[in-house]
Amino acid sequence: WGRAVVFFEVEILDAKTKDKLCFLDKVRPPPRVYPQWYPARQSIRLDPKGKSLKDEDVLQQLPVGTTATFYFRDLGAQISWVTVFLTEYTGPLIIYLLFYFRVPFIYAPKYDFTTSKHWVVHLACMCHSFHYVKRLLETLFVHRFSHGTMPLRNIFKNCTYYWGFAAWMAYYINHPLYTPPMYGEQQVTIALMIFLFCQIGNFSIHIALRNLRPPGSKTRKIPYPTKNPFTWVFLLVSCPNYTYELGSWLGFTMMTQCLPVAFFTFVGFVQMTVWAKGKHRSYLKEFRDYPTLRSPILPFIL
């Protein structure tokens, strides 16, 4: 005796206008809605203001009867996360070097292609370049993305943020009239140690998160500390990659003693806090046994 086949009637409505887009009778396999829009830009919802259904959701397991009404929303042109990150991070790397080498039309002509008198400027360039080269390599070889794409329009906003701040910081740090930090070599040495420590910590967290998700999988698990001491901060923080990122830029701020760097660090901290709180809430909602001692980004504080 075979199992009875259940057919569905599926109605697709526009999420904004509620106009009927199509009606599918006797649906057995999952339907492909509006093939002229590739899957990445399609959002199918049970409620016009609700969350998009996941790719792995099965029609038979959704809270609908034999007649199902779905709402369609066009997410707009999409771009892969890899492309986004490569674009965001290549810009600051190149822009900073243009100021460092003092190409023409940036400073006064007499300073074209000259080098700074202060060794901290050379160190700052190496640290800034190292940070973004690291990010590029992680994008190519470490990160595994749960979502393959993001809206194309967002890349312009993101690039404006990263590229603009890189130019602002580089202009002052590499300026011919730049003065080194107040406490000299001691301040720079401490700042460098903080920067390198946090860069290694950030990389360690990214490796730990990568190992939680098998290749080609969207599996989500609770991250826990590993044998790597840099991951032990997972005991107190949900998103230690942001914690280490903040520490890196605090070190860079101390190293350069530059106001635009401090402002970039503050703005980045605000944005990372928003992301960390969102991810923390997601962990609490998805995992009932999630450690209650953890904070989103700063232990016991935030």
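Predicted model: local features only at pLDDT ≥ 70, side-chain atom pairs only at ≥ 80, totals over all residues.
Figure 1. If you look at contacts between residues at least 6 apart in sequence, 74% of them join residues at least 24 apart.

Figure 2. Count them up and you get six helices and six strands. Walking along the sequence, the order is β-β-β-β-β-α-α-β-α-α-α-α.

Figure 3. The average pLDDT for the protein is 84, and 76% of the residues score at least 70. Among the elements, α5 has the highest mean pLDDT, at 97, while strand β3 (residues 42-45) has the lowest, at 63. Take some care with residues 1-5: pLDDT stays under 50 there, and the model gives this stretch one contact beyond four places in sequence.

**Figure 4. The largest nonpolar core.** This core holds 36 residues, and the ones with the most contacts inside it are Tyr96, Tyr132, Ile173, Phe252 and Met255. At least two of its residues come from each of α1 (81-100), α2 (119-141), α3 (153-173), α4 (184-212), α5 (240-256) and α6 (259-286). There is also a second, separate core of seven residues, which includes Cys239, Leu246, Phe269 and Met272.

**Figure 5. Methionine 255 and its contacts.** Here is a close-up of Met255, one of the residues with the most contacts inside the largest core.

**Figure 6. An aromatic pair between α3 and α6.** A search of the whole structure turns up 25 aromatic pairs. In the pair shown here, the ring centres of tryptophan 168 and phenylalanine 263 are 5.9 Å apart and the planes sit at 75°, so this one is edge-to-face. Tryptophan 168 is in helix α3 and phenylalanine 263 in helix α6, 95 residues apart, so the pair links distant parts of the chain.

**Figure 7. Threonine 273 in helix α6.** This view picks out threonine 273, which lies in helix α6. Its relative accessibility is 8%, and buried means under 20%, so threonine 273 counts as buried. Not counting residues up to four places away in sequence, threonine 273 touches Ile297 and Leu302. Threonine 243 is 30 residues away from threonine 273 in sequence, and their C-alpha atoms are 9.3 Å apart in space.

Figure 8. An unreviewed UniProt entry lists residues 79-101, 160-178, 190-209, 230-252 and 258-276 under "transmembrane region". In the model, residues 190-209 are 100% helix and 0% strand, with the end C-alpha atoms 29 Å apart. Residues 258-276 are 95% helix and 0% strand, and there the end C-alpha atoms lie 27 Å apart.

Terms used:
Residues numbered from 1 in each chain as written. Heavy atoms only, no water. Core = buried A, V, L, I, M, F, W, Y, C linked by side-chain atoms within 4.5 Å. Buried < 20%, exposed > 50% of the residue type's maximum accessible area, 1.4 Å probe, protein only. Helix = DSSP H or I, 4+ residues; strand = E, 2+ residues; numbered from the N terminus. UniProt positions renumbered as here; feature names shortened; annotations may be inferred. Phe/Tyr/Trp six-rings, centres within 6.5 Å; stacked < 30°, edge-to-face > 60°. pLDDT = per-residue confidence, 0-100. Contact = heavy atoms within 4.5 Å.
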